[in-house]
Every structure is written in C-alpha cells, then in structure tokens.
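Good morning, and thank you for coming. Please look at the sequence and the structure as I bring them up.

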Amino acid sequence: PNLPGHEECMIEDPETGHRLLFIEVPEPKSVKNRVHLDLRPREGTRDEEVERVVALGATIVADFRDRWGPGTGWVVLADPEGNELCILRSEGELA
C-alpha cells in the first residue's frame, strides 16, 4: 500500500522477476545516496543509452569511457534531482 503523501512506483522485469520500488519522499537530498544503481543496457550500446538518458534530462557527472583501453569503462550520470547512477557496457559489447 502507498504511504500517505508519498508516490510509489514498482518496476518489475517480466523475464527475471527482479523488482525495484521507488518511493518519493518530501525531504530534499542532503547527503550522498545510500543506493547507487549500475545499469547495463539490454539492447544497443552503452553510448546509445547514455545519449538516451541525457535526452531525458540526466547530466553526465564523470565519464570513464575508454579509460582502461578502447571500449572499456562506464559513465556516471545524475538524474534531475541529483541521484547518481552508472551506465555500463551492454552484454553485447562485453562479448
């Protein structure tokens, strides 16, 4: 059930059953996040996914692409509220 005055959103992966529950709280972010997501695109490439989320409003915080050689690394982004996440290379890119 929803908490009074809070918005909730559950995301479930139909293939694996993995679920993420997001709950909006009224307080502003005051310290570093306790949860940090590393996301790996299922389709396309890391760079395509970075472009997609930047177009949706994310900003690049740190860019570690190619840091350890061509095709390596990840990108740290922040959503419009400052929550950070990383986008890794896709499974196809790792293969």
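Let us begin with leucine 21, which is found in strand β2, residues 19-23; strands are DSSP runs of E of at least two residues, numbered from the N terminus. The model is predicted, so local features need pLDDT of at least 70 and side-chain atom pairs pLDDT 80 or more, while totals for chains, interfaces and linings use all residues. Residues are numbered from 1 along each chain as its sequence is written, and side-chain values use heavy atoms, without hydrogens and water.

I turn now to the salt bridges, each a side-chain nitrogen of Lys or Arg within 4 Å of a carboxyl oxygen of Asp or Glu. The structure holds seven of them. In one, aspartate 13 meets arginine 42 at 2.0 Å, N to O. This pair links distant parts of the chain, 29 residues apart: aspartate 13 is in the loop between β1 and β2, and arginine 42 in the loop between β3 and α1. Aspartate 13 counts as buried at 16% relative accessibility, whereas arginine 42 counts as exposed at 56%. Arginine 42 also forms a salt bridge with glutamate 15, at 3.7 Å, N to O.

Finally, aspartate 47 and arginine 46 form a salt bridge, with their closest N and O atoms 3.0 Å apart. Salt bridges with shared partners join Arg46, Asp47, Asp63 and Arg65 into one network.

Note on methods: Helix = DSSP H or I, 4+ residues; strand = E, 2+ residues; numbered from the N terminus. Buried < 20%, exposed > 50% of the residue type's maximum accessible area, 1.4 Å probe, protein only.
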